[in-house]
Each structure stands twice: as C-alpha cells, then as structure tokens.
Amino acid sequence: MPALPLDELQLTERDPKTGKMRTLPALHPEIKADRSFVLYRPPPLARDPASVEEFLERAKFIADDLNWLLALPHDKFWCQVIFDETLHRCLDSYLRFAPRKFDGALDCHPEVSDMQRGLHRSVFLTFLRMSTHKESKDHFITPSVFGEIIYNNFLFDIPKILDLCVLFGKGNGVLLQKMIGNIFTQQPSYFGDLDETLPTVLQVFNNILQQCGLQCEGASAEPQKLEEKVNVTPGNMPLQELKDIVLYLCDTCTTLWAFLDIFPLACQTFQKHEFCYRLASFYELAVPELEAAIKKRHYEDNSVFADLWRRISHSRKKMIEAFHILINQACLQPILESSCENIQPFIEEFLQIFTSVLQERRFLRDYDKLYPVEDDVSLLQQASSTLDETRTAYILQAVESAWEGVDRKKAQVIKDPTPEAASNGASAILDRTAEDTEGLRAGYVSEDECAGAAAAPIARVSGVELDSLISQVKDLLPDLGEGFILACLEEYSYNAEQVINNILEEKLEPYLDKLDRTMQRQLKPDPTPLVTSRYNVFQNDEFDVFSRDSVDVSRIQKGKRREKETTRSLLDDKRLVAEQKERYSQYSLVVEELPVQQGEAELYGEDYEDEYDDTYDGNQVGANDADSDDELISRRPFTIPQVLRTKGQEEGQEEEEEDEEEEEEAEKERTKDHFVQDPAVLRERAEARRLAFLARKGYKHDNSAVVGNVKGHGQNRETVQERRKKEANKSTRANHNRRAMADRKRSKGMIPS
C-alpha cells in the first residue's frame, strides 16, 4: 500500500482528557511539543567575560533546541515548524542579527567563534529541511499543499529569502539554489511578492540620496518647496551618519547581488521596474559624492577611513555585478540559448538598456572596465546579421566618450600632495590629478578582471615622485615597510590607490602575499656622491674614511675597552716581576768575593787582612725566641699526669682548674645573648637600682619596725609609732581605704549584711 502524504495522514490516539480514542490529522496543533525557543543575540564586540558567557549560554540553548528539532520525525517536525511561534521568532532574530560576510572581522573569543559556526550550520539545516517537501518516498507533503503551508504560515517571505542568500550564499550556493528554486516553484505567489517588494528596494536608494542631499530622477513627482532647502551633504554631515549611510548601502547592494546570483530567474521581475536604469542613475549620483566625502574628511583614526573606503568599494563592485547579472540573464543568456528567430526581442532590450544609461558616464566607465561593452556588442553581431549597426556604433562611441580625459590603458600617477593634503593622511592618500580617473581598479579590480585593458609598458618612477607615492601609502598603512610598498607599486604600475585598496581587500598577487610586509626599502647608493665638498672639524684626521683608504681599526673602540684576561694570560704576564727585579736586586746578599780581573790584583793586595773577629760566634742568636717553640708547647702548657701527682699538687691543680672554669663561665655569661632574660634576675637588678637611687637621695627605709615582734610577745614603742604613721599616711597610695568604703556601703544598705 503506497504511503500517504503528510497532509492526508490521520493519526489515532487516546484523548488525555476523556481517555477515549480519537482521530486527528498529522498536522495538528495539539501534537506540537511544548518547547520555548529563545531569541538570538549577535556575538559581543569586546572580549568581556560576562558578555561572552551570556552569548555562549544563549547560543547553546538555541543550538540544542535546533538540533532537537532536526532530530524529530517528519510529522512532528512539521507540526513544530507550523504551530510554534517561538521558533519563528528565533529564526527571524538570527536572520536579522547574524554577522554578514562583509562586516569587519570581530575580535571574538575562540569559543564564541566555534559556537557561532555551529549555530550557523544548525540554522541553515533547519531552513533547508523547511524548504524540502519530500524527504523520502514514505515522508513527503503534496507539492501544492506544501506551497500553501510555507506561504500561509509565513515560513518564508521575500526578506527572509534575501537574508538567506546573503548569509548562506557563500559556500552553499548549490543547495541554496535548489532550496529557493523549490520555494518559488511550489508557490508562484512569491513572484508576486517580489514584484511588490521591488518598489521598496528602489525607495531605499531614494532614501540614501535624500540623506545625502541628492535627488534621483523620477524619485518624487512633487516639486520641492522653496523653504525646503537642503543643507546636508555627505561632506558636512556627522561622521556617524556617514558611517550609517555607507553601511546601509553596502548591506543593500550585497544582499541584492547575492539574491540575483543565487536566483537568476528573478531578473525578469527586476527588469519590469527598470531596475537597470534606476541602479545606474543611483550609482552616478551617490558613489562620487560618498567617495569625495570619505576622502576629504579628516580622521583621528585611519582605520575608520580604511573601513569606509573598503565598504564603498565593495558596494560599487556589487552594484556593477548586479547590473551585469541582469543584462546577462535578461538579454545575453537567452540569445545564446535561443534560435535566430527568437533573439530579436532580447537584442532590442539590450540596446534599449544601454541607450538609457549612456548619460551615466561614471557608471558606464566603471562597467566597461569590468565587463567591456565592446565584447557584448561583438556577441550580438555574431548572433544576428540584422543588427542595427547605427545604434551599436552610437553605444560604442558613447562608451569611448565616457573615457575622454581618462587614460584607460595607462594608470594614472599620483602627483605630489599639496601641503594641505599632506597634513591629512587619508586625503593625501587619495589625492589625484583628475577626479574622473577614480575607477574600480582602485577598490577591487584584479588583473584577471581588467585583462581586456592590458596596459602598455609603464615608465619607471623614481626620485621625489616615488618617495611621494611611498609616503602616501605609508600614511594610511604605517605598519607596512617601504620595500613591500615599492614592490606593490611596481606591480600595479605605480597606482597608489590600487595598491591601497588591493591591500585592504586582500587581493594582492600571490607572490606579493608571500613577501614580508615589514620589508624595508633597499636604497641604491648615488654613483656620484658629494663627499668631496665635505668640510668639518674631523677633516683629514686618522679616522676620516673619505680622505684615506685604510684606517687603524684597532684604535676604534666603542665604550670602555675591556680585554678578556684568562688565568694563563695572568700567569704568563711577567711585567710586574721585571719591574720589581731591579728594586730587590739592591737588597741582595753581600758578595764575599768579587771577581778580580787581570791587572787589578795589585789594587786590592794592600787592603787584604787575614784577621777574623770571633767575639760573638758563641752566642745562640734566636735560639730561645718565642716563635721557635714547638707548636704543641706554645698552644698547651705541660701538665703532670694525675696518677703521678702528689696530694698537694692534686689540690692545687684542682683549685686552678676550678678558678679557670669559673672564669670561663663568667666569660660565657658576659658574652651570652639573652633573648629572654630571667625575670628574677631582672627584679633583682631593678631592686638594686632602686636602693642605689634611694641611697643617693639620703633616704633610708627600714620596714623592720613596722613588722615588729611575733604576735603575742608584745610590741615595743618604735613599732607602735611606725604602725600608727603607716595607718595615717596610707592614703597617699592607691587602694588604701577599701575597708572603710565597704563599711560605708554596708551602712547605707547597698550591700546586704
């Protein structure tokens, strides 16, 4: 038995309220699971721990819920998708706030990046399953019913489809083409929605022009009032408004290009609204004004200028490519696929489109740079023999006139910046001789894209002109080395704008990407130096390399001279010995016999006397000196062993030993470091000091009279007097009348007796 589609399938289950069996359709609200999906929030811009933790927790909830949804069976998945409003809001929030590819690279935490990639994949798989009406031969939905379900429940609409294209188009183009193609095939009403959406898209262009103080042709049928004088221009508007306009333009152009690239069948709907003409007119009015405003503005941070210029260049490229997709799908592709009898309407439409945009010189020049119009006209001439040569010649002549004043074969060389422009790095970068030479090659045109306009050999630039080009690039990109900038200038025919934009767009040639970006410039020496006319105080000295060929390098020393001395070199150094040898030679021993030369014997013969004085020869000089004693004797005196001593000797020896021990103990006591001394010793010392003080004052206190005799033996007169005196004078000390005060309290009833 063949399986029934999900829209015709009936399920039998027990009613939870009554307990009776009941039959429900497979797509019923009561089958939906009770689950709440949270809204998506974009990744945090800064690496704040709290923001990172909040994003990871929220994204984890969404990812887990979407994975649970994808794991549901076919019938329960569609019940959840159709009847769960929280799921719709969750998916809508992701399409609105998810980062786009053209957004600046965020300095995200690695965990945030990984979580974002996983969530991105889960959202795409959810939309992919929602756009598939047949998953297998047993699980499918009738195509017509499927179209009604996704249309009536707003599972897909034109804004969602546009966001899907711009978010998932890169890398998933084939799946996205099948997905969107199936949506438009099963529900043709989306073509009507797209037709109603395009006026809103064109109104976006008009709003941008209005914010810039410009006016597009056909934008407003009402005349402008005299008091409504427009004063706001891109040049004088606040920087934040300029950023918003450029970002809005970049988002709009990228989204339109992504949609047309993924779903080319929409080109016919676009062309019904004369989209090509409106796009070219907007390009001609807005792009030059925005570029001029970006270049002439002074920036505190050059990265802001780089970001704005990258976005405006990206927008220009996407507008040109969107125009080419429209031309290719509406005119050229049908000509290549149709027979000769059916191509005339397409040729006529091609000629009419280009005839309407011939007045847009800037747009025409930029389009011809990327996609030469001459090649398209040549294709028409090959496809049709009845082509109107007059109209084609008129179009080609208009294209050539758009290049008047601009050398399309030879890149323009930027002249030296004026002092005013040089003060601002951003404006000095983009200062050019002719404003009309601003082309797409400055932003994104690679060598492959402009192969049709191969340039003639370019004369090499040198001297001050080359230094000016290098300084212009380095003012905007100070991290680059002059050598790397010079290599890029040589590759791109000394066009500083093209070098800057290719670096920002990361579209350099492969061999340039491999170079070190901090490479310095190798300056070639001047063959005719002017050293001959050099005069200073060091002229012709021993170190003047300009006046002599050889210089004594050993005389040159940076800092204090330090010779490395080793042990062997110190031992081999006999200079000190040689210096002292002559001095000590004067203290040498007396020579007893002098060598006598021949002929000198008579001189010394009379002074010779054979008598020797031996008076002091018997004296022992130095025999009893203290330093000649034996080492053991000098260190320890001789003692008689104890067993050999007599009784008197033993007692005397013991007394001597005790005296020595007492002296040693006293010496140790004096030298002992008392960290915590004995309190008794301290009290004795304090009492001794007190008595000494009283003795110096002449006070002699004797407590023996107060103490008196033993109780029962009677007291003498002196004791009685001393006790009476103590009793009378005890109030001079604290805590003296405790008994009297206690009796007083008791007598007044304060203390119970």
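The following is a conversation about a predicted model of one protein.

Biologist: How many helices and strands does the protein have?

Modeller: The secondary structure of this predicted model comes to 31 helices and two strands. The protein has 753 residues, and buried residues make up 34% of them.

Biologist: What share of the contacts joins residues 24 or more positions apart?

Modeller: Of the contacts with a separation of 6 or more, 71% are between residues 24 or more positions apart.

Biologist: Which residues touch the most other members of the largest nonpolar core?

Modeller: They are W78, F156, F259, F270, F323 and F354, in a core of 150 residues. Helix α12, residues 302-337, supplies the largest share of this core, with 16 residues.

Biologist: What is F323 in contact with, leaving aside its neighbours within four places in sequence?

Modeller: F323 is in contact with C276, L279, I353, F354, V357, F363 and Y367. One of these, F354, is also among the core residues that touch the most other members.

Biologist: Let us stay with α12. Is S313 buried or exposed?

Modeller: S313, which is in helix α12, is buried, with a relative accessible area of 1%. A polar atom of the S313 side chain lies 2.8 Å from the backbone oxygen of W309.

Biologist: Why would a side chain meet a residue four places away in a helix?

Modeller: An α-helix has 3.6 residues a turn, so residues three or four places apart point the same way.

Biologist: Turning to α6, why is this helix described as largely enclosed by the rest of the structure?

Modeller: Helix α6 covers residues 158-168, and it is largely enclosed because 10 of its 11 residues are buried. The buried residues are I158, K160, I161, L162, D163, L164, C165, V166, L167 and F168.

Biologist: Which helices do those buried residues pack against?

Modeller: The buried residues of α6 pack against α3, α4, α7 (173-186), α8 (189-211) and α9 (239-262).

Biologist: Which residue caps the N-terminal end of α6?

Modeller: D157 is the cap, with a side-chain oxygen 2.9 Å from the backbone nitrogen of K160.

Biologist: Now the cysteines. How many disulfides does the structure hold?

Modeller: The structure holds zero disulfides. C253 is in no disulfide, and the nearest cysteine sulfur, that of C250, is 7.4 Å away.

Biologist: Is C253 buried or exposed? And C79, buried or exposed?

Modeller: C253 counts as buried at 3% relative accessibility. C79 is buried as well, with a relative accessible area of 0%.

Biologist: Where is I245 found, and what is it in contact with?

Modeller: I245 is found in helix α9 and counts as buried, at 8% relative accessibility. Leaving aside neighbours within four places in sequence, I245 is in contact with I208, Q211, C212, M237 and L290. I245 and L209 are 36 residues apart in sequence, and their C-alpha atoms are 9.6 Å apart.

Biologist: I am also interested in the arginines. Where is R35 found?

Modeller: R35 is found in the loop between β2 (21-25) and α1 (49-70), and at 30% relative accessibility R35 counts as partly exposed. The R35 side chain makes a polar contact of 3.0 Å with the side chain of D65. Leaving aside neighbours within four places in sequence, R35 is in contact with D65, W68, Q80, D84 and T86. R35 and D84 are 49 residues apart in sequence and 8.3 Å apart from C-alpha to C-alpha.

Biologist: And R362, is that buried or exposed?

Modeller: R362 is buried, with a relative accessible area of 6%, and is found in helix α14, residues 361-370. The side chain of R362 makes a polar contact with the side chain of E291, at 3.0 Å.

Key:
Residues numbered from 1 in each chain as written. Predicted model: local features only at pLDDT ≥ 70, side-chain atom pairs only at ≥ 80, totals over all residues. Heavy atoms only, no water. Helix = DSSP H or I, 4+ residues; strand = E, 2+ residues; numbered from the N terminus. Buried < 20%, exposed > 50% of the residue type's maximum accessible area, 1.4 Å probe, protein only. Polar contact = N/O pair within 3.5 Å; in protein donor to acceptor, adjacent residues only side chain to side chain. Disulfide = S-S within 2.5 Å. Core = buried A, V, L, I, M, F, W, Y, C linked by side-chain atoms within 4.5 Å. Contact = heavy atoms within 4.5 Å.
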